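Hi everyone, thanks for making the time. I'd like to walk you through a structure that may be new to you, so please have a look at it first.

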Amino acid sequence: MKLLAFDTSTDSMSIAVSDGSRAWQHTGPGAAQASATLIPAILELLGQAGLTLAGLDALVFGRGPGSFTGLRTACSVAQGLALGARLPVLPMDTLMAVAEEARFQHQDPQAATNLQVTALLDARMDEMYVQRFSCTGGRWTSLADCTLIRPENLQPDPTDSLLAGNVFGVYAARLPVFPDSLPRLTALPTATALLRLAPALLAAGHGVPASQALPLYIRDKVALTTEERARAKAGSVPAAGR
């Protein structure tokens, strides 16, 4: 399939294009900064691949959870490009993309087809997004809904194969100590992970019209209160919200 995929849910913008046999990829600053660079980078990458929007089979994007500004950027760009080119859209959960990227990194990616992964993304405001997935025969299944927790409250399932995400540096001092047998992999929801997931999901009928390219918000709080900002300035609560 000829696909365009992108994710701007984190501090890293990730874009990838596939012509069905090869892939081209680009990374850059994400979240709020992606609003000015996403479309030019997409057009540049399509040009490198010798593809046009109208010649694609579908458009894939990370719908969240993640940065509010990044998700709004991704959704608006997905809607605009898909409407203009009359393409179906595949909104993808960012935490599933994290799990898939971890699977791909996990020693032998071809053999790592039966895993249980707890995916973790920094949600700022002293919290992180958490969701567990199972991969059987290369197909992912969600084992629980995405939730928001504080780092010290993380309790991996005993059957987990690994933890994956972008929280191990920022919350290193607050995460519980886990057995050495439970690996931690730094992983982001990359566009190449979206490309790997997309064909099976599109074949299963998960593509939607451009008007349904909507974000997934787990938290409905966009900003901190004045009191919370004051505490953040004193060093007790991070000031950036998602």
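Let's start at V117. If we set aside its neighbours within four places in sequence, V117 is in contact with A99, Q131, R132, F133, W140, L162 and A164, where contact means heavy atoms within 4.5 Å. Before going on, a word on the source: this is a predicted model, in which local features need pLDDT of at least 70, side-chain atom pairs count only at pLDDT 80 or more, and totals for chains, interfaces and linings use all residues. Residues are numbered from 1 along each chain as its sequence is written, and side-chain values use heavy atoms, with hydrogens and water left out.

Now, which residues have the most contacts inside the largest nonpolar core? They are V60, L95, V117, F133, W140 and A164, in a core of 34 residues. By nonpolar core I mean a set of buried Ala, Val, Leu, Ile, Met, Phe, Trp, Tyr and Cys residues joined through side-chain atoms within 4.5 Å. Buried means under 20% relative accessible area, exposed means over 50%, and partly exposed is in between, with a 1.4 Å probe and protein chains only.

At least two residues of this core come from each of strand 1 (3-7), strand 4 (58-64), strand 5 (89-93), helix 3, strand 6 (115-124), strand 7 (127-136), strand 10 (162-165) and helix 4. These elements are DSSP runs numbered from the N terminus: helices are H or I with at least four residues, strands are E with at least two. Helix 4 gives the most to this core, seven residues. There is also a second, separate core of 30 residues, which includes I15, L45, C75 and V89.

Stepping back for a moment, the protein chain has five helices and 11 strands. Of its 242 residues, 51% count as buried. Among the contacts in the chain with a separation of 6 or more, 63% are between residues 24 or more positions apart.

On to the helices. Two packed helices are described by the angle between their axes and the distance between the axes. Helix 3 (residues 94-105) packs on helix 4 (residues 191-203) at an angle of about 95°, and their axes are 9 Å apart. The axes are lines fitted to C-alpha atoms, over the stretch in contact for helices, and angles run from 0 to 180 degrees between N-to-C directions. So helix 3 is roughly perpendicular to helix 4; that label covers 65 to 115 degrees, while under 35 counts as roughly parallel, over 145 as roughly antiparallel, and the rest as oblique. Helix 3 brings M96, A97, E100, E101, R103 and F104 to this contact, and helix 4 brings T192, A193, L194, R196 and L197.

How covered is helix 3? Mostly: 10 of its 12 residues are buried, including L95, V98 and A102.

Helix 1 (34-49) has 16 residues and reaches 21 Å from its first C-alpha to its last, close to the 22 Å expected at 1.5 Å a residue. That expected span is 1.5 Å times one less than the number of residues. The buried residues of helix 1 are A34, L38, A41, I42, L45, L46 and A49. Their cover includes strand 1, strand 2 (12-18), strand 3 and helix 2.

Most residues other than glycine have a negative phi, and most peptide bonds are trans. Where is there a cis peptide bond? One joins G64 and P65, with omega about 5°, and P65 lies in the loop between strand 4 and helix 2 (68-85). A31 has a positive phi near 50° and sits in the loop between strand 3 (23-29) and helix 1; A31 is buried, at 10% relative accessible area. D126 also has a positive phi, about 70°, although it is not a glycine. D126 is in the loop between strand 6 and strand 7 and is buried at 8%.

Not counting residues up to four places away in sequence, D160 touches Q116, T118, R132 and L182. D160 and T118 are 42 residues apart in sequence, with their C-alpha atoms 7.0 Å apart in space.
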